[in-house]
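Me: Can you walk me through this one? I'd like the overall picture and then a few details.

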Amino acid sequence: MSKDFYDSQETLSAEERELQLFSVLRDNLRQLGDKVPALAKQIEGINISNLNSRADLAAIPVIRKYELLKAQTEARQTLAATDDEKQRIFGGFSAVGWGQAARVFCSPGPIFEPEVARTDYWRMARALYAAGVRKGMLVHNCFAYHFTPAGSMFESAALAIGATVFPAGVGQTEMQVTAIHDLKPHAYTGTPSFLRIIIEKAEELGVDISSIKHALFSAEAFPPSLQKWFADKGVDGYQAYGTADLGLIAYETKARDGLVIAEDIILEIVKPGTNDPVPDGEVGEVVVTTLNPDYPLLRFGTGDLSVIMPGNSPCGRTNRRIKGWMGRADQSVKVRGAMVHPSLVDKVVKRHPEIKRARLVVTGATGKDEVSLFVETKQTPSDTLTAAILESIKEFIKLRTAVVYKNEGEIKNDGLVIEDARSYD
């Protein structure tokens with residue numbers, strides 16, 4: 001296998017890849033159908049032996065993130081603490097519980113995800129390899145290690161390659177600069193905005209952190225302008241697209257031409273809000289089927305918009321490509337690496353009967369997100385009300401957010417709860 005590729009899966013023919021993917025899928029469904037209630041319900045009436053192609057998958061309903069959230073929430077509300085946690089915590093979507101899962105994580109919603117102690121559980125290693133990370137390197141990992149699985153995703157990927165990891169986590173910018181200067185890591189994993197802050201702080205302090213030559217970014221947009229900014233600083237940065245539910249979905253390569261779809265998932269593009277695949281080249285919702293035997297999500301709708309690109313990547317990998325993240329099929333947005341759902345805004349509004357109408361507005365340039373909650377009130381605003389709303393925002397949305405009062409009628413009555421007005425130039 002060429003040193004340019006992580007493994008032989010990356011250069012399979014399309015026919016070989018489809019045969020392998022659907023063979024594993026059928027085996028998983030046969031073995032897990034009785035163990036995973038949500039999966040059994042989803043494939044009820046489906047002849048597993050007839051699942052041989054993507055066209056065959058269209059008969060299976062898409063499960064969207066809000067349905068997963070609803071199933072988990074209802075299970076926690078109705079089941080007793082003594083009930084099986086696979087049902088009570090994971091809503092019947094997981095094949096593993098306590099003792100089988102090594103860790104359990106919590107994403108905004110809250111949605112809980114299991115992690116099993118299996119090498120490269122989140123399948124991020126090939127993305128890290130494509131970004132230039134190799135055995136014997138040191139990776140400075142600035143993804144969070146608490147609540148969400150991001151830190152574990154990228155750490156387990158580096159370990160699978162044979163690299164060493166410094167678990168830097170988030171925050172403490174000056175300490176990050178000092179650690180990088182002392183340890184001289186070869187690579188960085190985290191959001192592009194945080195590495196930019198670290199580099200700018202290092203320049204301000206006159207500290208050399210030029211050992212970082214490679215970076216794998218995720219959780220934020222990484223447009224060409226930001227790629228050039230890092231290149232000018234000596235950092236060869238790439239992006240990976242994944243979620244806390246699914247792990248790696250697609251990743252950038254040296255071709256810089258779209259994102260290559262991960263080898264071990266089945267990715268479809270469907271018409272938003274439906275089960276129906278769209279023709280290649282048409283924008284739609286990214287729907288993913290994992291082959292994970294522990295957390296087997298089948299036709300899972302991410303809520304993200306993208307499009308299948310024509311042809312193969314010039315890098316030599318033969319799997320199909322997507323253009324990358326092109327917006328949301330719903331109104332959820334990713335801000336500073338965290339997903340914000342309309343339901344979280346609704347919780348803030350319901351906490352305060354003084355609020356007549358509200359809209360969360362995200363503005364700013366790439367890597368410098370600014371968040372404001374536009375509010376119309378039934379009475380004259382006060383400092384007390386503002387403080388109370390900010391406390392609710394801290395509890396539910398968990399992002400630094402300004403409260404901006406609007407006159408009656410300024411917030412349109414169009415059903416929009418979250419507006420993404422960021423610039424991606």
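Me: To start, what percentage of the 425 residues of the protein chain count as buried?
Reply: 52% of them count as buried. Buried is under 20% relative accessible area, exposed is over 50%, and partly exposed is in between, with a 1.4 Å probe and protein chains only. Keep in mind that this is a predicted model: local features need pLDDT of at least 70, side-chain atom pairs count only at pLDDT 80 or more, and totals for chains, interfaces and linings use all residues. Residues are numbered from 1 along each chain as its sequence is written, and side-chain values use heavy atoms, with hydrogens and water left out.

Me: OK. How does the radius of gyration fit a compact globule?
Reply: It agrees, because a compact globule with 425 residues would come out near 22 Å and the protein chain has 22 Å. The radius is taken over C-alpha atoms, and the globule rule is 2.2 Å times the number of residues to the power 0.38. Along its principal axes, the C-alpha trace spans about 65 × 60 × 45 Å.

Me: And how many helices and strands are there?
Reply: Twelve helices and 21 strands. These are DSSP runs numbered from the N terminus: helices are H or I with at least four residues, strands are E with at least two.

Me: Where does UniProt put a domain?
Reply: The unreviewed entry places "domain: AMP-dependent synthetase/ligase" at residues 151-289. UniProt positions are in the numbering used here, feature names are shortened, and annotations may be inferred rather than shown by experiment. In the model that span is 32% helix and 29% strand, and its end C-alpha atoms lie 23 Å apart.

Me: Switching to sheets. What's the strand order in the nine-stranded one?
Reply: S5-S4-S6-S7-S8-S9-S10-S15-S14, an open sheet with mixed pairing. Two strands pair if DSSP finds at least two bridges between them. At the edges, pairing on one side only, are S5 (164-167) and S14 (308-309).

Me: In which sense do S7 and S8 pair?
Reply: Parallel, over four bridges, with S7 at residues 214-217 and S8 at 236-243. Ala215 stands opposite Gly237 in S8. Helix H9 (residues 192-205) packs on this sheet, touching S6 (187-190) and S7, and its direction makes about 130 degrees with that of S6. Contact here means heavy atoms within 4.5 Å. Axes are lines fitted to C-alpha atoms, for helices over the stretch in contact, and angles run from 0 to 180 degrees between N-to-C directions.

Me: What about the four-stranded sheet, which order is that?
Reply: S20-S19-S18-S21, again open and mixed. The edge strands are S20 (402-405) and S21 (418-420). Neighbouring strands are turned by 25 degrees against each other on average, direction ignored.

Me: Which strands does H11 touch there?
Reply: S18, S19 and S21, and its direction makes about 140 degrees with that of S18. Helix H12 (residues 383-396) lies across S18, S19 and S20, at about 135 degrees to S20. Within the sheet, S18 (residues 355-363) and S19 (residues 370-377) are antiparallel over eight bridges, and Arg357 faces Glu376 in S19.

Me: Last one, Lys347. Which helix is Lys347 in, and why does it count as partly exposed?
Reply: Lys347 is in H11 (residues 342-351). Lys347 counts as partly exposed because its relative accessibility is 34%.

Me: What is Lys347 in contact with?
Reply: Gly109 and Phe396, leaving aside neighbours within four places in sequence. Lys347 and Ile393 are 46 residues apart in sequence, and their C-alpha atoms are 8.9 Å apart.
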